[in-house]
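Colleague: Could you take me through this model and tell me what stands behind each label you use?
Modeller: Gladly; let's look at it together.

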Amino acid sequence: MAYTDLFNEAIDDLKATLLTVSGLPVIDNPQNAAGFVNGFVFIQAPSFEAFNYNIGKLTFELQIVLPGQGNLSALRRGLEIAAALLAKKIAVMSGRPSTVDIGGAESPAYSLTLVMQAQTA
């Protein structure tokens, strides 16, 4: 089923942009994380504030999960993706290095907080 409301369309727009920026698979279900040994971008469910029936602000927690042992070259890739998001005019409000447990193994990651507006015509 295709969702066409303002919030779900914003999620779809974000996913499409992330695919063009990162070159990494984009997932929104942690059960799909296994098997991506070269990294992936994980979109967590957003929180939102509604201004009226057709305008809202979405706040996303996004994790750029990187391959490797968390060394500087892996983390630089996370910073590169964060900078590319900024260049695409996505409001990355903050970012911090982190780790993600995938199937009992920890992977390096960058956790980003993004804010975007959702609006219908």
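Modeller: Let's start with a pair of residues: I27 stands opposite F42 in strand 2. Please keep in mind that this is a predicted model, where local features need pLDDT of at least 70 and side-chain atom pairs count only at pLDDT 80 or more, while totals for chains, interfaces and linings use all residues. Residues are numbered from 1 along each chain as its sequence is written, and side-chain values use heavy atoms, without hydrogens and water.

Colleague: What makes strand 1 and strand 2 a pair?
Modeller: Strands (DSSP runs of E, at least two residues, numbered from the N terminus) pair if DSSP finds at least two bridges between them. Strand 1 (residues 26–27) and strand 2 are joined by two bridges and run parallel, so they meet that definition.

Colleague: And which way does strand 2 pair with strand 4?
Modeller: Antiparallel, over four bridges. One of the residues involved is F40, whose bridge partner in strand 4 is V65.

Colleague: How do you know that both faces of strand 2 are covered?
Modeller: In strand 2 (residues 40–43), F40 and F42 on one side and V41 and I43 on the other are all buried. In a regular strand the side chains alternate between the two faces of the sheet.

Colleague: Why is N54 called buried?
Modeller: Buried means under 20% relative accessible area, exposed over 50%, and partly exposed in between (1.4 Å probe, protein chains only). N54 has 11% relative accessibility, so it counts as buried. The residue sits in the loop between strand 3 (47–52) and strand 4 (55–65). Beyond neighbours within four places in sequence, N54 is in contact (heavy atoms within 4.5 Å) with L6, A118, Q119, T120 and A121.

Colleague: What makes a group of residues a nonpolar core?
Modeller: They must be buried Ala, Val, Leu, Ile, Met, Phe, Trp, Tyr or Cys residues joined through side-chain atoms within 4.5 Å. The largest such core here has 26 residues, and L18, L62 and L85 have the most contacts inside it. Helix 1 (6–22) is among the elements that supply at least two residues, and it gives the most, with six. Helices are DSSP runs of H or I, at least four residues.

Colleague: Which residues does L18 touch, leaving aside neighbours within four places in sequence?
Modeller: L18 is in contact with G23, V26, V41, I43, L62 and L85. Apart from this core lies another, of seven residues, among them A33, F42, V65 and A109.
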